[in-house]
Amino acid sequence: MVLQYTTKRIIYLIPTLFILSFVVFTLVRLIPGDPVLAIAGPDATPEVLEEMRIALGLDRPILIQYGVYLKGLLKGDLGTSLRTHQPVRSEIWRRLPSTVELAAAGMMISLLIGISLGVTAALRPGNWVDASTRLVSLLGVSSPTFWTGLLFVLAFGYYWRLFPIAGSGTIRHLVLPATTVSLTSLAFITRLTRASLMEVFSQDYIRTARAKGLPPARIVIHHALQNALIAPLTVAGLEFGRLVTGVIVIETIFAWPGIGKLLIDAIQFRDWPVIQGLILTFALIFAFVNLSVDVIYAVLDPRIRLE
Amino acid sequence: MDKTWNRSSKIPLSMRISLVIITVLGLVALFGPLLPLPDPYAQNIMKALKLPSTDHWLGTDQLGRDLLSRIVAGSRFSLLIGFGAVLVGMAIGLPFGMLAGFYGRGLDRIFSWVIDILLAFPGIILALAIVAVTGPGIGNLIFAVGLRTIPVFARVSRAETLSLRQRDFVEAARALGCRPYEIMYWHILPNIVGPLMIVASLQTATAILIGATLSFLGVGVSPEVPEWGSMLNAGRPYMMRHPHLVLVPGCTLMIAMMALNIVGDYLRDRLDPRAIAARG
Amino acid sequence: MENPDLLVVENLKKYFSVGGGLFGRPTSRVKAVDGVNLAVRKGETLGLVGESGCGKTTFGRCILRLEEPTEGKIFFEGENILAYSQKRMRQIRRDMQIVFQDPYSSLNPRKTVGQIVSEGFRVHRIFSKRERQKRVREMIETVGLLPEHIDRYPHEFSGGQRQRISVARALLLRPKMIIADEPVSSLDVSIQAQILNLLVQLQRQFDLTYVFISHDLRVVRHISDRVAVMYLGRIVELSKTEALFKRPFHPYTEALISAVPAPKPMGQRERIILRGDIPSPINPPAGCHFHPRCQYRQQICTQTAPVMEDQNENHWVACHFPLTPLG
């Protein structure tokens with residue numbers, strides 16, 4: 001049953017992926033004016049321009065070139081960086097683990113702290129923990145990631161030199177970037193857990209449990225949490241988009257050597273093969289994450305499978 | 001089943017403060033150039049990196065430009081990006097979603113397909129791709145951010161149209177001989193406007209945020225433009241010793257975002273029947 | 001001689017496709033209307049009764065082409081309107097209107113009463129602004145509302161008043177026929193009487209023909225000249241009102257009538273409880289649709305669908321074993 005659902009979803013995904021790769025591929029050709037001139041700059045020699053034209057595949061008609069590109073894609077070849085002349089694939093592959101490390105740490109922090117805070121706030125609505133949690137949540141949602149990142153750099157990198165603010169390597173390097181990444185999601189998850197839990201609390205079957213005299217803690221753990229966690233789980237998929245944005249910004253601020261920083265550098269240097277490769281990578285990971293969330297959701301909620 | 005203002009409710013303090021903030025922001029953006037402030041673009045190296053003083057209420061930046069006037073000028077750009085992006089989103093998303101919801105079937109399938117493509121890019125990747133193609137500049141930025149808001153408006157329009165299409169008054173209009181475009185314009189559109197405004201208010205905040213983020217990353221507005229995110233980026237090299245360079249634009253941005261979010265949330269809780277149901 | 005029938009429906013069928021496999025191919029069909037033949041005479045009120053899901057609402061909508069029939073013909077004033085173009089259809093729509101059941105969803109919440117009622121004029125682009133205002137005003141008063149209501153919004157009115165507004169809207173173009181789809185079912189009983197009386201009065205005043213759809217037998221009996229009973233997409237009985245109620249020929253009609261509480265102590269019939277639930281219109285039973293629940297069924301009922309036959313002076317029944325007075 002679940003397998004059928006998963007297969008169906010994958011089949012629906014394939015045409016989208018094709019279109020995606022076509023869109024990404026066409027991007028270079030959309031640059032106003034002569035793309036090669038825009039990339040190489042006004043004082044490039046004709047030979048360099050011609051070289052670049054061939055490298056970017058702009059010398060042949062679009063469909064043929066797309067075919068070549070697609071063939072390369074399926075073999076795993078993403079082209080060569082215009083800047084470093086290294087294969088794009090290896091550039092990405094080298095940096096991917098750092099980003100994954102950052103993202104995973106951030107997600108974990110936001111889930112752990114977010115859910116705990118949400119639960120605490122829901123258990124005692126109205127007291128100072130609840131109110132301050134709500135305030136911090138609002139701040140978290142409203143503050144741009146780059147702003148909090150810079151604040152952290154100032155606070156912990158300069159005034160109280162507790163953590164390093166550039167580069168990677170040790171756990172200490174990870175703390176500031178990961179915390180910054182987690183903040184927006186944390187705020188959101190706290191709010192959501194609190195609201196979700198409070199809604200579950202007001203349901204009749206919880207009141208029955210309470211009337212039976214079960215201690216509140218047990219009620220929370222056994223009955224409420226299971227249902228209340230469905231909402232944050234759904235959110236996990238949505239949060240991924242925010243996570244990607246956060247990661248790109250954080251890597252830039254903290255000089256974290258991941259694919260986010262690579263993308264920004266590539267855009268600034270107009271290194272198109274890298275840009276294209278990275279956009280595809282991000283989109284692919286995103287599609288995969290969405291699929292996984294949907295499948296997990298289908299496993300948890302039998303109603304969806306029957307659709 | 002219509003939405004009426006609950007006249008007996010009190011408007012909470014946070015909401016009132018937020019409205020004041022937004023009004024101030026709006027006024028400042030509109031009348032900024034008329035205020036007796038120094039030129040935000042005028043450089044004066046002699047007076048660079050000064051702390052707040054009576055001459056310069058918020059201090060000066062690394063090129064000697066008055067920070068207060070740059071903040072004021074920046075508000076124009078932020079609001080321009082916010083409203084511009086939302087306008088783009090609505091102008092394309094609304095008709096698209098409405099047509100898809102109204103006609104259904106084939107058109108609807110194309111709709112879902114295009115929306116899926118737009119939504120296949122996580123976070124700011126799509127916006128980054130666009131600015132990579134077009135280059136920096138505020139027009140390009142508005143377009144890039146606007147592209148991201150299109151699916152939001154399209155989805156809401158479609159959902160609302162779908163539910164409205166079933167209502168009896170639409171059937172009655174058909175029975176009277178109303179033509180399809182008349183039905184959409186006369187009956188459906190006025191009823192979509194409400195929910196759409198709520199979405200618009202929240203999307204404005206998001207749009208400003210994304211615009212600031214892109215500018216911070218150096219791929220948004222052109223460098224000398226006094227946009228808040230861009231100012232933060234420019235101030236980075238100096239922030240250790242001159243933190244006011246980043247604190248000033250950063251706090252402004254944060255306050256503006258908070259105000260917009262509070263107002264947007266309030267509107268949604270009050271007016272959206274689904275949110276009211278979810279409040280429990 | 002002028003044809004006394006305003007509306008003639010011939011073998012009307014409306015099937016909905018339901019369900020979809022991987023590629024959206026429909027797997028089954030809902031037979032909402034399954035072969036209806038009916039004629040409505042000019043100036044009469046034809047009541048159409050049946051339980052929920054029997055297809056009467058779908059039938060009403062098909063007549064107006066708010067749903068496109070799958071099969072059959074609909075003759076309005078002698079011409080088959082199913083063959084009409086959109087343009088021609090639009091003109092004919094002025095002659096046939098509808099009043100809906102739900103007073104809360106049948107009026108656009110964002111328009112004033114005046115705008116709602118005058119929509120017909122707007123759509124057909126007739127009459128000057130002043131003329132429109134005059135006629136709207138007259139119509140508002142005719143349905144029992146006040147002129148100052150014209151600039152108000154629907155949410156300021158009660159259910160009964162809203163139905164009056166709906167009626168005003170339907171009447172503005174001076175239609176010849178009105179489909180009333182459960183117009184009083186959502187109203188309080190005391191208000192029901194008011195609206196029914198209004199409908200009767202308007203019929204006389206404007207020389208209207210009504211098709212009155214309802215599941216409430218008492219209301220139908222009160223207002224109809226003739227009654228058609230519908231079950232699972234088919235008409236099972238059709239006759240003058242009193243003839244039907246005093247002496248039903250179809251077992252289903254008999255059961256329906258027995259379920260109505262009678263006010264007079266001696267009028268209380270023995271209640272007939274039908275076996276089973278209403279089968280789904282997706283897979284109606286073979287032969288006579290009613291046979292699984294019929295206490296009088298025989299072998300032939302499971303195989304052959306009965307046709308409408310005149311039992312007694314235009315009292316038509318579709319049954320292999322119509323009821324006799326003694327059983």
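A residue is counted as buried if 20 or more other C-beta atoms lie within 10 Å of its own, with C-beta atoms placed from the backbone. Helices (H or I, at least four residues) and strands (E, at least two) are DSSP runs, numbered from the N terminus. The model is predicted: local features need pLDDT of at least 70, side-chain atom pairs count only at pLDDT 80 or more, and totals for chains, interfaces and linings use all residues. Residues are numbered from 1 along each chain as its sequence is written, and chains are lettered from A in the order in which they are written.

Strand S9 of chain C spans residues 226-231, and six of its six residues are buried. In a regular strand, side chains alternate between the two faces of the sheet. Both faces of S9(C) are covered. One side carries C:Arg226, C:Ala228 and C:Met230; the other carries C:Val227, C:Val229 and C:Tyr231.

Strands pair if DSSP finds at least two bridges between them. S3(C), residues 45-49, runs parallel to S9(C) and is joined to it by four bridges. Here C:Gly47 stands opposite C:Val227. S10(C), residues 234-240, runs antiparallel to S9(C), with six bridges. C:Arg226 faces C:Lys240 in this pair. S9(C) and S10(C) form a hairpin with two residues between them. In the turn, C:Leu232 has a positive phi of about 50 degrees.

Between chains, contact requires C-beta atoms, placed from the backbone, within 7 Å. By this criterion, 17 residues of chain B are in contact with 21 residues of chain C. On the chain B side, H6(B) (168-176) and H7(B) (180-216) are the elements that give two or more residues. The largest share, eight residues, comes from H6(B).

Definitions and conventions:
A residue is buried if 20 or more other C-beta atoms lie within 10 Å of its own, exposed if 12 or fewer, and partly exposed in between; C-beta atoms are placed from the backbone. Two residues are in contact if their C-beta atoms, placed from the backbone, lie within 7 Å.
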